[in-house]
Amino acid sequence: MSQRERRPLVFAIVALCLVATLMRPAVTAVGPVIDRISQDTGIPLALLGSLPTIVLITWAIVSPFAHGFGRRLGLGGAVLAAMGLLAVGAIVRSLPGSAAWLWIGTAIIGVALAIGNVLLPAVIKRDFPLRVPMMMGVYSAILGGAGAVASGLAVPIANAAGADTGTGWRLSLLLTGAAVAPLALLAWWLVSRHEMRAMRAAAPLPASRLGIWRDPIAWQVAGYMGVQSTTFYVLVTWIATMSLDAGRSDTLAGIDVMVYQVFSLVGSLTVALAMRGRGARLTPAALPLLGIAGIAGLMLWPDAIGLWVVPLGVFSGMSLGVSLTLMAERARDHSASSALSGMSQAVGYAIAAVGPALFGAVHALTGSWTLALVILLVTMTLQGWIGVYAARDRYVLEPR
């Protein structure tokens with residue numbers, strides 16, 4: 001490939017990476033400042049704890065419609081519109097005055113992220129057809145990395161704003177959620193402008209791919225997405241509490257969450273290697289063994305939670321990357337990939353929205369983490385079983 005031919009590919013990679021940095025911080029930065037939000041607005045912490053659930057439910061509702069949105073505007077135009085909407089949501093959420101802006105902005109952010117979640121795997125399928133596992137690994141690593149950085153910066157930014165609690169959390173959420181947005185929007189517009197111009201000149205494509213909801217392979221990918229998402233959101237929600245119950249300090253509990261997220265990045269970056277050759281068939285089914293080992297360790301030796309978050313982090317990062325890769329690899333083209341992504345993420349996030357609440361309820365009823373952790377053993381076992389079928393070399397929307 002000549003330097004002239006390589007340049008558009010490099011620009012496309014840069015634009016994708018910049019957009020990926022917007023896809024998690026607007027959600028992950030909320031937790032560290034949630035006490036300040038409660039103090040400023042008077043909203044109880046228990047109610048504010050539903051903010052992430054609102055985002056997950058929004059993803060489940062909106063995801064099926066994202067494919068049609070992408071068909072009408074083109075993938076480039078739809079992603080650009082979604083990232084613009086994300087910036088608007090971040091601004092609305094940070095408006096002073098009524099606490100209603102917090103909820104309205106969160107819902108807008110959820111809609112924007114749902115569209116991006118669905119369409120970006122299809123973009124990777126279209127633009128990098130020979131590098132799908134590698135680019136999915138990079139994409140999912142940036143998701144986790146940007147989310148972790150936002151979590152770490154949320155409190156320092158709030159502190160830098162001064163003694164005004166309301167100004168602090170609002171500025172923190174605005175900067176972590178949308179500071180990169182202008183650059184990402186510009187980069188994405190530059191690489192997508194020709195596609196958007198062509199879409200305006202062409203007749204609109206039919207949006208319906210309802211057959212995806214009757215396709216057994218699509219349900220296998222959706223099931224895989226659902227169980228791995230459940231595990232991730234349960235762990236990211238409850239690791240700190242489990243760490244505190246094990247006798248560790250607040251600081252060490254925070255470090256445990258950070259280590260979990262750091263090793264999620266490591267897992268994401270190994271997806272391309274793990275999915276090469278025969279690994280494409282073996283990895284989706286065998287990967288849960290790593291997670292099961294981590295959960296078994298937590299059950300048998302909970303005081304060593306600082307050790308067990310390492311395999312659990314690698315497992316979670318790889319699981320997300322593998323799930324996104326399946327959305328691309330089980331489709332013949334980017335249009336089918338978009339339909340599959342919308343359907344599987346709608347199902348997946350609907351399942352995941354139940355996980356953290358169920359896990360916490362079981363812990364509250366039993367007073368122990370053991371039975372609650374059995375839930376994760378079940379989801380990981382299901383992930384392996386589903387992975388046997390989802391990894392087969394078959395494609396959605398094809399007669400069988």
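Trainee: Which elements give two or more residues to the lining of the second largest cavity?
Mentor: Bear in mind that this is a predicted model. The second largest cavity is lined by Arg24, Asn117, Tyr139, Leu143, Met225, Leu320, Leu324, Gln345 and Tyr349. Two or more of the lining residues come from each of α7, α15 and α16.

Trainee: How do the residues of that lining divide into nonpolar, polar and charged, and what is the volume of the second largest cavity?
Mentor: The lining of the second largest cavity has 6 nonpolar, 2 polar and 1 charged residues. The volume of this cavity is about 50 Å³.

Trainee: Which element gives the most to the lining of the largest cavity?
Mentor: The largest cavity holds about 80 Å³ of space, and its lining consists of Ala26, Val27, Val30, Leu51, Pro52, Val55, Arg93, Thr106 and Ile109. At least two residues each come from α2 (25–28), α5 (51–93) and α6. With 4 residues, the element that gives the most is α5.

Trainee: At what angle do helix α6 and helix α7 pack?
Mentor: Helix α6 spans residues 100–127 and helix α7 residues 132–160, and their axes are 9 Å apart. The crossing of α6 past α7 is right-handed. On the α6 side the contact is made by Gly116, Asn117, Leu120, Pro121, Ile124 and Lys125, and on the α7 side by Val132, Met135, Met136 and Tyr139. The packing angle is about 145°.

Trainee: What is the volume of the second largest pocket?
Mentor: Its lining includes Lys125, Pro133, Met275, Arg281, Glu329 and Tyr395. The lining residues divide into 6 nonpolar, no polar and 6 charged, with at least two each from α13 (279–286) and α15 (305–329). The space in the second largest pocket is about 200 Å³.

Technical notes. Residues are numbered from 1 along each chain as its sequence is written. This is a predicted model: local features need pLDDT of at least 70, side-chain atom pairs count only at pLDDT 80 or more; totals for chains, interfaces and linings use all residues. Side-chain values use heavy atoms; hydrogens and water are left out. On a 1 Å grid over the protein atoms alone, a cavity is a set of points where a 1.4 Å probe fits but cannot get out, and a pocket is an open set with protein on both sides within 12 Å along at least five of seven lines; lining residues have an atom within 4 Å of a point. Grid points are joined across faces, edges and corners, and a volume is the space filled by probe spheres set on the points. Ala, Val, Leu, Ile, Met, Phe, Trp, Tyr, Cys and Pro count as nonpolar, Asp, Glu, Lys and Arg as charged, and the others, Gly among them, as polar. Axes are lines fitted to C-alpha atoms, for helices over the stretch in contact, and angles run from 0 to 180 degrees between N-to-C directions. A crossing is left-handed if the near helix is turned anticlockwise from the far one by less than a right angle, and right-handed if clockwise. Contact means heavy atoms within 4.5 Å.
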